[in-house]
Amino acid sequence: MKSLIIGEVNNNELSSGTLEIISKAMELNLDFSVITIGNSDSAPIGSDEFSNTYLKSNSNKLNLSSCANEIKSIIEEKDVELILCNSSYIGRDLIAFLSVDFKTSPVSNVTNFEINSNELIAINSINGGESEYKVSISSKIKLLLIRPKSFEQSDILLNDSFETKDIEENQNSLDVFDIHIEEKSGPQLEDSKIVISAGRGMVESSNLTLVEELATKLNAAIGGTRAIVDAGWMPYSNQVGQTGKTVKPDVYIACGISGATQHQVGMKDSKFIIAINKDEEAPIFQISDLGIVGDTLSIIPKLNENL
């Protein structure tokens, strides 16, 4: 089944979501090529294992409509049947354009897929991650939006072997007057091997300094629940869960988090989960590998003292 992966360039490198999908395609020995979207001079994003076309846009214009037109032409030219795309803001917009162009419905929140005798089966997560269902897709053009962290990222040797196409604006292009880039320091939430997340059990926003100190000692990224993000304790970019980010670190430490289903969706696939909560009936303990029943505000300072 001839396939196309729509990728993105973030901070002058292929995004982790793109690399995860490429790794899955290589694992399945798919006949695939890659189209990457970006607006800066890119670092090496090509490979001897696959072809990559870099669609470079003007940073002062939002040209997703033009990008979608270019992708549509490539799909028709190469007779592509399967399009795989990371479920990001850009990815969802591009798939929406292609869905209209090819008059086919995309399948979103895909956590896995199978190809048997040229039949495509997409696997989705529903009910907050508690259930899965399989969808058989029979349309000629098949559009899948892949949930981040669904696939393991393998080591892929990248080089300068890629083609660049400049994207021109059209009547649907929008002017970009200002871009706000949030200042970040330390390990990034999506890619860190250790993530420490805080919940309402931290009681007050000022107590987050305890989590920050622990994160510094462990070289960890900091996350949080929707409750404390909504309360203004930390920015939305740090939110882990169904309406936030999906993380899959080697170690996930949940501090004062009850573990509602909406939060578990974003972290339950972590390799080792440590939960600290004074409520021994908290749902987070049902999925944790190590549970500590106690006051978070007493336990974290002791950890900081001994690290």
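The protein has 7 helices and 17 strands. Both are DSSP runs, numbered from the N terminus: helices are H or I with at least four residues, strands E with at least two. This is a predicted model: local features need pLDDT of at least 70, side-chain atom pairs count only at pLDDT 80 or more, and totals for chains, interfaces and linings use all residues. Residues are numbered from 1 along each chain as its sequence is written, and side-chain values use heavy atoms, with hydrogens and water left out.

Start with the overall dimensions. The C-alpha trace spans about 65 × 45 × 35 Å along its principal axes. Of the 307 residues, 48% are buried (under 20% relative accessible area; exposed is over 50%, partly exposed in between; 1.4 Å probe, protein chains only). Take contacts (heavy atoms within 4.5 Å) between residues at least 6 apart in sequence: 63% of them join residues at least 24 apart.

Now turn to helix α7, residues 296-306. Which of its residues are buried? They are T296, I299, I300 and N304. These residues lie on the same side of α7, because they cover an arc of only 135° around the axis. The arc is taken from the directions that run from the helix axis to the C-beta atoms. An α-helix has 3.6 residues a turn, so residues three or four places apart point the same way.

The buried residues of α7 pack against helix α4 (208-218). They also pack against strands β15 (251-255), β16 (272-277) and β17 (290-293). On the other side of α7, K302, E305 and N306 are exposed.
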